[in-house]
Amino acid sequence: MTENCKKNQKSDCDPSKREKQNKNSNRRSTVKCMVIVSFSILLPAIIIGVFFYNVNNLQRLEPIKYNDVIPGINSYKWHYFENFFDNKSTDLFRDLALNGEALTTIVDDKSVESAGEAVTVGHADCRHPFMTLNLNRTICHFSNRLDVGMHFVKTGGFNGHIEYYERMVARIIPFRRRLVQKNYNSLINLKNLPEFNSVKFIDRVKEICADCYLFKKDPSSHKKSSILNEMFQLDLLLMLPGQELPMHLNVPYFWGADRNTLPQWLLVLMKKSKLFDHLFIPQVQGFSWLDLEQYTGVEPTEQYVDINGDGGDFYFYPYKEQLKKNPITNVEEVSKENANKYVILKQVANSAIMLDGAQVIHGVDRYRHYDIPPLFSHNHHYKIRFNKETNLWTLYDFQDNELRNYYKNDVKLMVVWNMHCFATEQEKIKFHSQTENITLDYVMNVFKEDLKKKDRLPTDDLEPLNLWTIVIKEYLSYPANTHQQSSTFFGINYCLLPNIVPKWISDKFLQPFLEGRC
């Protein structure tokens, strides 16, 4: 002990306490360095993003034509119809929409809550970026359509919008009323709808079914003439002003696996990976605009998409990946040159499009992009119903409190249906009588084996959360925002930063830059 310490008997002369103080000082210095380094990366990103925002408001991509199909490119089969429903059928759907029954948010469409990744609330894994609370707020798990929400929030979707997380979530929670239930029971007699029973309609559906590689692989046992279809979903879909249907794939069905046995996000990944295509059941989706006033759609005079208009147009990516020879290695490789090119269909009353929505990425552009919907939570139910006395749509929260009213024609209504494709009547019977399901272990092992071949699997003994994180990063891909030259920073919605960095950094440094831009 030094002379000075003896004289003053100070507590800070204790070697153990002095060592502790040095450690605390080093820790504070490390934190400061991390903050400085983080900011040295984030600040330029924000400045560049702001620059792009201002420049891109003045300069957009070349005008986009409606129905601009590229000839001669291998694409999935699809069909477009004008004036699809007759007046009687249109009146039926209008009555179903306006009879006072509620349309509810789609967040409740979840039969299987977890693929092994779920943990109880309070667990450290709840902080994982893919995790969210279930409706009962008892567990943390992957959200129902993690694949859709993650891409939309991160990239800004089809138009590359930059907005805060809460507002982005509210934009992709539309409302639905099921007319054909999960058990294939229907609230209406489908035989009374001539559109679904006409020779032309059935022939178009069979064309789309026959385009699936399973039917092409074995044409002798998968003849177009013997194909049978069965409608398993018929919905009324409603979007509020300011909402959109983000780009997505429909939830696929497999032999032994569907939304009643596995989470929907996992089923989509199974299809995206192409590892389970031998079990895939083709399907056909139909999509038609339901107008509450017009029976006959008027062909639009506009040839080009108006980025400042009301929007609400249907878009899809119909072109297939192609095998091309690498000129250097002379080996055939998968080319995605055209896979990211899209077609936009102008919304026209009573028009319809049909395609295989489980294989063709599609969505509906933001409707009235200048409107802002209420900030819904994806963990609660909301509903909307039409009041004939006031002639208004009334929106309710999860506690039945009125949130907002909309004029009758302010909302966007659609009729959406999905049909299975079966090769024969025997195959249809087999589908409904199957008792054996694909196990989660089987699915995990298939993914593991493929990841090993790609040298992407660090170890066999991965916890489900860690495995699915790798699987999602490896197989989940949607096209980058391509409709407009977006204001994102290299395809990233930088308005998410306040949800990532510490609150004090967000409040003190980020908000001045993001204010008015997110």
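Modeller: Let us begin with accessibility in this predicted model.

Biologist: Is Lys-454 buried, partly exposed or exposed?

Modeller: Lys-454 counts as partly exposed because its relative accessibility is 33%; buried means under 20% relative accessible area, exposed over 50%, and partly exposed in between, with a 1.4 Å probe and protein chains only.

Biologist: Before we continue, what should I know about numbering and about the values?

Modeller: Residues are numbered from 1 along each chain as its sequence is written, and side-chain values use heavy atoms, leaving out hydrogens and water. As the model is predicted, local features need pLDDT of at least 70 and side-chain atom pairs count only at pLDDT 80 or more, while totals for chains, interfaces and linings use all residues.

Biologist: How many salt bridges does the structure hold?

Modeller: The structure holds 19 salt bridges, each being a side-chain nitrogen of Lys or Arg within 4 Å of a carboxyl oxygen of Asp or Glu. One of them joins the side chains of Asp-235 and Arg-176, at 3.8 Å from N to O. This pair links distant parts of the chain: Asp-235 belongs to strand β7 (residues 228-239) and Arg-176 to strand β6 (residues 175-180), 59 residues apart. Helices (H or I, at least four residues) and strands (E, at least two) are DSSP runs numbered from the N terminus. Asp-235 and Arg-176 are both buried.

Biologist: With which residue does Lys-271 form a salt bridge?

Modeller: Lys-271 pairs with Asp-277, and their closest N and O atoms lie 3.2 Å apart. Lys-271 is buried because its relative accessible area is 9%, and Asp-277 also counts as buried, at 12% relative accessibility. Elsewhere, a network of salt bridges links Glu-163, Arg-171, Glu-244 and Arg-366.

Biologist: Where is Tyr-478 found, and why is it called buried?

Modeller: Tyr-478 is in the loop between α11 (464-475) and α12 (503-514). The label is "buried" because the relative accessible area of Tyr-478 is 11%. Leaving aside residues up to four places away in sequence, Tyr-478 touches several residues, among them Arg-145, Val-148, His-151, Met-247, Val-268 and Ile-361; contact means heavy atoms within 4.5 Å.

Biologist: What joins the side chains of Tyr-478 and Asp-147?

Modeller: They are joined by a polar contact of 2.8 Å, that is, a pair of N or O atoms within 3.5 Å, where one must be able to donate a hydrogen and the other to accept it, and residues adjacent in sequence count only if both atoms are side-chain atoms. The Tyr-478 side chain also reaches the backbone nitrogen of Leu-249, at 3.4 Å. As for distance along the chain, Tyr-478 and Lys-272 are 206 residues apart, yet their C-alpha atoms are separated by 9.9 Å.

Biologist: How many cavities of 30 Å³ or more are there?

Modeller: There are three cavities of 30 Å³ or more. A cavity is a set of points on a 1 Å grid over the protein atoms alone where a 1.4 Å probe fits but cannot get out, and lining residues have an atom within 4 Å of a point. Points are joined across faces, edges and corners, and the volume is the space filled by probe spheres set on them. The largest cavity holds about 50 Å³, and its lining includes Tyr-80, Phe-287, Phe-314 and Lys-346. Strands β11 (283-290) and β16 (352-355) each supply at least two residues of that lining.

Biologist: Which element gives the largest share of the lining of the second largest cavity?

Modeller: That share, three residues, comes from β11. The second largest cavity has a volume of about 50 Å³, and residues including Phe-85, Thr-90, Asp-291 and Asn-350 line it.

Methods: On a 1 Å grid over the protein atoms alone, a cavity is a set of points where a 1.4 Å probe fits but cannot get out, and a pocket is an open set with protein on both sides within 12 Å along at least five of seven lines; lining residues have an atom within 4 Å of a point.
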